[in-house]
Every structure is written in C-alpha cells, then in structure tokens.
Amino acid sequence: MEKLDLHKISHAQALVIVENFILTNFNHLPIEIITGNSLDMQDIVKNITTKYNLRIVPSNPNNLGSYIISNNL
C-alpha cells in the first residue's frame with residue numbers, strides 16, 4: 001500500500017500534494033495518508049476524498065492521525 005506522510009508539509013502544499021497523490025494512485029487503492037494530529041490537515045484530506053467520492057477511515061481506531069483511502073463501495 002502506498003503511503004503519504006504529511007508531517008512537515010504546509011497546508012498550502014498539502015492541498016496540491018494530497019490531490020496529486022490520490023490521482024496518481026487512483027487505480028491502486030487503498031492508500032494511506034498520515035496527517036498527524038492537525039485538524040486542518042485532516043480536513044484537507046477529508047475534503048479531497050469527498051471530492052472524488054472516496055471512502056476515508058482511520059487506519060487504527062486509536063490513531064486518528066492516519067487514514068486509509070479506498071473506493072466508496
């Protein structure tokens with residue numbers, strides 16, 4: 001599974017990086033995106049996944065700083 005770690009990435013950069021990462025891996029889902037504890041970064045990822053009608057779930061119920069993105073089946 002491909003992973004993207006957003007630590008040390010600005011919010012402005014994340015808007016572009018996350019969308020490109022999702023589009024690049026769209027035919028190879030699921031993918032993992034690590035946001036850390038930043039609510040703003042989590043919102044960026046959630047908004048982009050919604051834009052592409054994808055499913056987003058925490059990778060672990062005890063870790064809300066990492067998400068699995070998959071097809072919305």
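In this predicted model, the chain carries 5 positive and 6 negative side chains. The centres of the two sets lie 3 Å apart. The accessible surface of the chain comes to about 4600 Å². Carbon and sulfur atoms account for 51% of that surface.

The chain contains two helices and four strands. Along the sequence, these elements follow the pattern β-α-β-α-β-β. The radius of gyration is 11 Å, close to the 11 Å given by the globule rule for 73 residues, so the chain is as compact as a globular protein of that length. The C-alpha trace spans about 30 × 30 × 20 Å along its principal axes.

Contacts across the sequence were examined next. Among contacts with a separation of 6 or more, 57% join residues 24 or more positions apart.

Of the 73 residues, 37% count as buried. In soluble globular proteins, nonpolar side chains tend to be buried together. Here, the largest nonpolar core has 16 residues. Those with the most contacts inside this core are Leu 6, Val 18, Ile 22, Ile 33 and Ile 69.

Neighbours within four places in sequence are left aside here. Val 18 is then in contact with Leu 4, Leu 6, Ile 33, Val 45 and Ile 48. Two of these partners, Leu 6 and Ile 33, are also listed among the residues with the most contacts inside the core.

Methods:
Residues numbered from 1 in each chain as written. Predicted model: local features only at pLDDT ≥ 70, side-chain atom pairs only at ≥ 80, totals over all residues. Heavy atoms only, no water. Core = buried A, V, L, I, M, F, W, Y, C linked by side-chain atoms within 4.5 Å. Buried < 20%, exposed > 50% of the residue type's maximum accessible area, 1.4 Å probe, protein only. Contact = heavy atoms within 4.5 Å. Rg over C-alpha atoms; globule rule 2.2 N^0.38 Å. Areas by Shrake-Rupley, 256 points an atom, 1.4 Å probe, with all protein chains shown as cover. Lys, Arg positive; Asp, Glu negative; His and termini not counted. Charge placed at Lys NZ, Arg CZ, Asp CG, Glu CD.
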